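Me: Take me through one part of this model closely, please. Start at a pair of strands and follow the links from there.

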Amino acid sequence: MSYFVHDSSYIDDDVVIGEGTRIWHFCHVQSGARIGKACSLGQNVNISNHVVIGDGVKIQNNVSVYEGVELEDGVFCGPSCVFTNDLTPRALYPKGPAGYRKTLVKRGASIGANATVVCGHTVGRWAMIAAGAVVTSDVPDYALMVGVPARRRGWVCECGRLLPETLTCPDCGRRYEETEKGLREHG
């Protein structure tokens with residue numbers, strides 16, 4: 001195998017796992033899931049049926065990525081963050097996959113510990129969701145989202161630094177400009 005799976009974890013049939021990926025203690029990867037290269041799944045992570053995960057994704061302990069959620073390359077999921085896939089769940093009236101709402105977390109985005117992403121929304125490229133925030137709407141590229149419900153409280157650089165009003169990163173020098181979809185790197 002070109003990837004590592006701890007002995008305590010379960011990998012169902014019809015799963016694709018990329019080279020260099022590490023799956024740690026007590027994880028379950030369900031049928032039809034696709035996990036990219038060089039990913040890390042911490043302790044007690046569940047990847048549901050047909051979930052797609054890009055390359056270089058880091059999922060910390062106690063996270064369930066439910067069917068209908070897609071994580072693009074370089075996404076970070078903090079400990080115990082939550083994804084949903086049904087806006088109106090009922091134990092006695094399950095809808096199954098036909099009732100799931102898609103959630104897309106775009107390249108490089110970070111979701112903080114204990115944050116919740118309600119289904120049916122897109123988290124933009126390089127966005128940062130603060131610990132404990134609850135995302136109830138689409139998130140612009142490079143947005144810093146905090147609170148319940150989550151609101152934009154600033155912009156962050158690709159390197160993770162909070163950007164000043166000039167939208168030029170004091171750490172790495174990247175420059176940005178505001179657009180309808182959030183920020184765009186300038187130049």
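Reply:

Val 16 faces Arg 34, a residue of strand E6. Keep in mind that this is a predicted model. The two residues belong to a pairing between E3 and E6, which spans residues 34–35. That pairing is parallel and has two bridges.

Now widen the view. E3 and E6 sit in an open sheet of six strands. Read across it, the order is E3-E6-E9-E12-E15-E18, and the pairing is parallel. Its edges are strand E3 (16–17) and strand E18 (122–123), each of which pairs on one side only.

Next, step into the loop between E3 and E4, where Thr 21 sits. Is Thr 21 buried or exposed? Its relative accessibility is 0%, so Thr 21 counts as buried.

How many aromatic pairs does the structure hold? It holds two. Such a pair is described by two values: the distance of the centres and the angle of the planes. For Phe 4 and Trp 24, the centres are 4.9 Å apart and the planes stand at 50°, so this pair is tilted. Phe 4 belongs to strand E1 (residues 4–5), while Trp 24 is in the loop between strand E4 (22–23) and strand E5 (28–29). The pair therefore ties together parts that are 20 residues apart in sequence. Phe 4 has 34% relative accessibility, so Phe 4 counts as partly exposed. Trp 24, at 32%, counts as partly exposed too.

The other pair is Tyr 142 with Tyr 176. It is tilted, with 4.8 Å from centre to centre and 55° between the planes. Tyr 142 sits in the loop between strand E20 (134–135) and strand E21 (143–146), and Tyr 176 in strand E23 (residues 176–179). This pair therefore ties together parts that are 34 residues apart in sequence.

E23 and strand E24 (residues 182–185) run antiparallel, joined by four bridges. Two residues link them in a hairpin.

Last, go back to Trp 24. Leu 41 touches this residue. Residues up to four places away in sequence are not counted here; Leu 41 also touches Arg 22, Ile 23, Cys 27, Val 29, Ile 35, Ile 47 and Ile 59. Where does Leu 41 belong? It is part of the largest nonpolar core, which has 47 residues. Leu 41, Ile 47, Ile 59, Leu 71 and Phe 83 have the most contacts inside this core. Strand E12 (69–71) and E21 are the elements that give two or more residues to it. E12 is also a strand of the open sheet where we began.

Key:
Residues numbered from 1 in each chain as written. Predicted model: local features only at pLDDT ≥ 70, side-chain atom pairs only at ≥ 80, totals over all residues. Heavy atoms only, no water. Pairing = 2+ DSSP bridges. Phe/Tyr/Trp six-rings, centres within 6.5 Å; stacked < 30°, edge-to-face > 60°. Buried < 20%, exposed > 50% of the residue type's maximum accessible area, 1.4 Å probe, protein only. Core = buried A, V, L, I, M, F, W, Y, C linked by side-chain atoms within 4.5 Å. Contact = heavy atoms within 4.5 Å.
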